[in-house]
Amino acid sequence: TMVWWFGGGVVGVWLVVSVIALYLLACIKNYVVPPIGKDEPPFRFVWPIVGHFIHYIPNRNRPLEWNFDSHAEWGTFSWRMFSVRGISTAEPEVIKHITHSNFGNYIKGDYLLHLMHDLFGSGIFVVNGAQWKHQRNTAKPLFRTHNLQAMLPVFIKELPAYFAQLQNSVDTHAPIDIQNLFQRYTLDSFGEIGFGHSVGALERPVDFSTHFDYVQSEIGKRANNPLREYFVYKQYKESIKGVDKFVYDIIAKRRAEPQDQVAQRTDLLSRFMTMRNVVAPVEIEHESNSGNTNGGSNSGGITNATALYIESDPSSDSASDGEKSQRYTDLFLRDILLNFLVAGRDTTAVLLTWTFYVLCTRPDIEKKIRKELDDVLNGETPTYESLGKLTYLKAVFDETLRLYPPVPGNIKQAVEDDVLPNGFTVRKGTEISFNAWTIHRLPRLWGADAADFKPERWLDEDYVSKLHPFQYFPFHAGPRLCLGKAMAFLEAKLVAAVTLQKYRFELVPGQSINYAESLTLPMQKGLMVHVHPL
């Protein structure tokens with residue numbers, strides 16, 4: 001009975017045994033390949049086959065603290081998780097090397113692509129080379145100063161629905177999860193900027209948010225526990241389908257609009273939809289692998305057929321060469337939107353959530369912000385110029401981003417052998433990870449008060465001038481610096497300012513405050529508060 005349970009008698013058994021044997025051989029091969037030099041970073045004790053997975057198990061509910069403790073004890077160290085080998089660093093000079101000085105040698109590699117491909121496909125977060133550069137250059141104009149100024153009315157437009165939720169909490173004396181509220185607000189506001197219309201998340205529940213958050217959480221968990229991929233997949237696949245449906249419906253509605261109308265739009269989706277005679281991602285990857293190192297090469301490769309990413313444009317007239325012009329497919333547009341959505345929605349919502357948590361526990365800081373708001377705004381609706389004058393609020397945000405970076409983990413893959421500034425050697429194909437949560441909290445970098453929330457440190461010009469340029473990177477660093485950084489600050493300043501002009505939040509007692517294991521750093525169970533009018 002057991003033989004036939006494998007689904008094919010003796011053949012089935014041998015097939016299973018062979019697959020297991022090949023996997024074990026791959027793991028063993030990874031362990032016995034000699035280093036390129038004697039100066040590889042040291043290991044903690046490594047278990048056979050599973051590597052450091054055994055060390056992860058007792059730390060599975062505190063992965064960021066585990067990373068911090070490991071670096072405090074070991075400095076830069078090597079790690080292995082089953083067949084994946086890597087190096088983890090917390091040295092600013094090394095981070096500068098891999099994100100800036102030798103940028104082309106460190107790419108979004110196989111491990112990251114495997115984890116994130118289902119969600120992000122061929123989007124800007126997970127691609128390299130000319131494909132990454134093309135997407136970045138296409139989106140960059142959206143975040144120039146004059147366009148940022150034009151975004152402010154969009155953010156203000158969504159405020160009445162946001163305030164309605166807060167006022168309902170006041171009227172009903174019921175607590176509200178402000179993390180959820182911030183996520184709904186940023187989804188609606190980015191919907192205007194990215195899709196060209198509000199999603200309506202502040203008016204009604206949106207299934208997309210539940211699916212999107214679950215997938216991100218599962219990817220974050222799989223990064224530390226690869227076994228989850230084989231045991232937790234049904235809900236994951238269903239959530240991917242839910243995410244896809246939401247985005248494809250938006251694309252279909254835009255496809256149905258007249259081309260001249262779409263061409264007049266300024267949102268991100270329309271910007272990519274109106275491009276003609278585009279180059280397929282697979283073709284761009286061939287170009288980048290032939291020597292272009294502006295963004296590194298994609299060792300993971302894009303093996304999908306060109307037709308998955310470009311297609312003849314049925315709505316266009318013949319091009320000058322007699323052929324139909326080409327446009328991006330719905331699949332590629334889906335990847336573009338989801339990559340920018342996680343930056344446009346999650347980064348700002350995470351920043352606002354942790355900031356208001358701090359304000360609820362630090363009334364002295366809240367008092368200083370309110371005084372600045374009174375001095376600068378004098379009860380008026382903020383403008384682009386007046387928001388720029390809120391220097392103490394900006395310092396509070398900087399300190400929040402230091403202790404609660406929205407995207408704490410980063411990982412790259414070495415294209416070729418290399419030697420790091422600290423003298424350690426790196427083999428081709430090695431993964432290199434670095435964690436903003438850890439680096440932003442190390443006393444040797446920030447001083448004895450590294451764990452303290454002190455916005456004033458960012459107002460001390462002498463102190464700031466002595467910081468290493470790569471010891472603080474809440475929006476990444478080097479050429480991959482987040483395009484939406486200024487947009488995130490603008491939106492967060494507006495929401496914080498208008499909220500503090502009208503309301504005061506009080507934490508619901510007894511709730512557990514902790515981060516969720518995810519791609520970003522949301523709170524695990526939200527942030528429940530009582531809302532009090534001023």
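This is a predicted model: local features need pLDDT of at least 70, side-chain atom pairs count only at pLDDT 80 or more; totals for chains, interfaces and linings use all residues.
Two residues are taken to be in contact when heavy atoms of each lie within 4.5 Å. Leaving aside residues up to four places away in sequence, threonine 520 touches Gln216, Val342, Asp346, Val350, Pro406, Val407 and Pro408. The residue itself belongs to the loop that runs between strand 11 (503-507) and strand 12 (528-533). One of its contacts, glutamine 216, stands 304 residues away in sequence, yet the C-alpha to C-alpha separation from threonine 520 is 7.7 Å. Threonine 520 has a relative accessible area of 5%; because the limit for a buried residue is under 20%, threonine 520 is classed as buried.

From these contacts the discussion turns to charged pairs. Side chains of opposite charge can pair when their charged atoms come close. Under the distance rule applied here, the model contains 26 salt bridges.

One of the salt bridges joins arginine 345 to aspartate 213, with 2.3 Å between the closest N and O atoms. Arginine 345 is part of helix 17 (residues 330-361), whereas aspartate 213 is part of helix 11 (residues 207-224); the pair therefore ties together parts that are 132 residues apart in sequence. The two partners fall into separate accessibility classes: arginine 345 is buried, at 0% relative accessibility, while aspartate 213 is partly exposed, at 26%.

A further salt bridge is formed by the side chains of arginine 362 and aspartate 364, with an N to O distance of 2.9 Å. Here arginine 362 has a relative accessibility of 27% and is partly exposed. Aspartate 364 is likewise partly exposed, its relative accessible area being 37%.

How exposed is the pair made by aspartate 462 and lysine 466? The side chains of these residues meet in a salt bridge at 3.2 Å, N to O. Aspartate 462 is partly exposed, with 44% relative accessible area. Lysine 466, in contrast, reaches 63% relative accessibility; since exposed means over 50%, lysine 466 counts as exposed.

Key:
Residues are numbered from 1 along each chain as its sequence is written. Side-chain values use heavy atoms; hydrogens and water are left out. Helices (H or I, at least four residues) and strands (E, at least two) are DSSP runs, numbered from the N terminus. Buried means under 20% relative accessible area, exposed over 50%, partly exposed in between (1.4 Å probe, protein chains only). A salt bridge is a side-chain nitrogen of Lys or Arg within 4 Å of a carboxyl oxygen of Asp or Glu.
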